[in-house]
Amino acid sequence: MLQLLSKIVAWIALAFIILATLGPLHERPVIAGSLFEHLAAFALLGLTFMLGYPRHVWLAIAIVIGSAFALEALQLLTPDRHARLIDALVKASGGLTGLCTGYVASLLSHNPVWRSSQVPGLPTTTTSSYE
């Protein structure tokens with residue numbers, strides 16, 4: 001369920017980032033400083049793509065990091081935007097942070113030690129063959 005929800009959020013986040021990046025500058029939502037917004041948006045994007053597609057790590061990396069640089073370059077085609085290398089690097093580093101966080105979370109969630117039925121001191125959910 002978490003994987004499906006992450007996939008949905010990942011694609012919605014990417015669509016929102018595309019609209020905010022390539023849309024008219026005066027219609028872009030402003031929450032904080034632009035560098036922080038770039039970092040946070042791409043961290044969320046990386047996290048959700050990695051949680052949504054844990055078996056397709058390279059695809060998630062390509063989408064997140066590729067979109068960071070591609071969207072920055074596409075701003076050259078808009079009349080009121082400008083592409084800056086520092087913006088692309090901040091977006092890519094935010095994406096990489098989210099990807100790494102999602103990867104670690106994915107590893108931990110698939111490790112039996114972290115499942116509640118396997119934690120020492122908690123009752124197990126398995127049934128014995130003696131019943």
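Q: How many Å does helix 4 reach from its first C-alpha to its last?
A: The model is a predicted one. Helix 4 has 25 residues, and at 1.5 Å a residue a span of 36 Å is expected. The reach from its first C-alpha to its last is close to that expectation, at 36 Å.

Q: What percentage of the contacts in the chain with a separation of 6 or more comes from residues 24 or more positions apart?
A: The chain has 131 residues, of which 31% count as buried. Among the contacts with a separation of 6 or more, the share from residues 24 or more positions apart is 67%.

Q: What covers the buried residues of helix 4?
A: The buried residues of helix 4 include Val90, Gly94, Gly95, Gly98, Leu99 and Gly102. Asp87 and Lys91 are also buried in this helix. The cover over the buried residues of helix 4 includes helix 1 (2–22), helix 2 and helix 3.

Q: At roughly what angle do the axes of helix 2 and helix 4 cross?
A: Helix 2 spans residues 34–52 and helix 4 spans residues 85–109. Their crossing is right-handed, and the residues of their contact divide into 11 nonpolar, nine polar and two charged. The two axes come within 6 Å and cross at roughly 35°.

Q: Is the crossing of helix 1 and helix 2 left-handed or right-handed?
A: Helix 1 and helix 2 pack at an angle of about 145°, with their axes 8 Å apart. Residues of helix 1 in this contact include Trp11, Leu14 and Ile17, and those of helix 2 include Phe42, Leu45 and Phe49. By class, the contact has 11 nonpolar, four polar and one charged residues. The crossing is left-handed.

Q: Why does Val64 count as buried?
A: Val64 is found in helix 3. Not counting residues up to four places away in sequence, Val64 touches Phe42, Leu45, Gly46, Phe49, Gly95 and Leu99. The cut-off for buried is under 20% relative accessible area. Val64 is buried because its relative accessible area is 1%.

Q: What separation do the C-alpha atoms of Val64 and Phe42 have?
A: Phe42 is one of the residues that Val64 touches. The two residues are 22 residues apart along the chain. Their C-alpha atoms are separated by 7.3 Å.

Q: Which residue has its backbone oxygen 2.8 Å from a polar atom of the side chain of Ser67?
A: Ser67 is found in helix 3 (residues 57–74) and counts as buried because its relative accessibility is 11%. Leaving aside neighbours within four places in sequence, Ser67 is in contact with Leu14, Phe42, Leu45 and Ala62. The backbone oxygen 2.8 Å from a polar atom of its side chain belongs to Ile63.

Q: What relative accessible area does Gln75 have?
A: Gln75 has its place in the loop between helix 3 and helix 4. Not counting residues up to four places away in sequence, Gln75 touches Thr21, Leu22, Arg81, His82, Ala83 and Lys91. Gln75 is buried, because its relative accessible area is 6%.

Methods: Residues numbered from 1 in each chain as written. Predicted model: local features only at pLDDT ≥ 70, side-chain atom pairs only at ≥ 80, totals over all residues. Heavy atoms only, no water. Helix = DSSP H or I, 4+ residues; strand = E, 2+ residues; numbered from the N terminus. Buried < 20%, exposed > 50% of the residue type's maximum accessible area, 1.4 Å probe, protein only. Polar contact = N/O pair within 3.5 Å; in protein donor to acceptor, adjacent residues only side chain to side chain. Contact = heavy atoms within 4.5 Å. Axes fitted to C-alpha atoms, helices over the stretch in contact; angles between N-to-C directions. Left-handed = near helix turned anticlockwise from the far one by under 90°. Nonpolar A, V, L, I, M, F, W, Y, C, P; charged D, E, K, R; others polar. Expected span 1.5 Å × (residues − 1).
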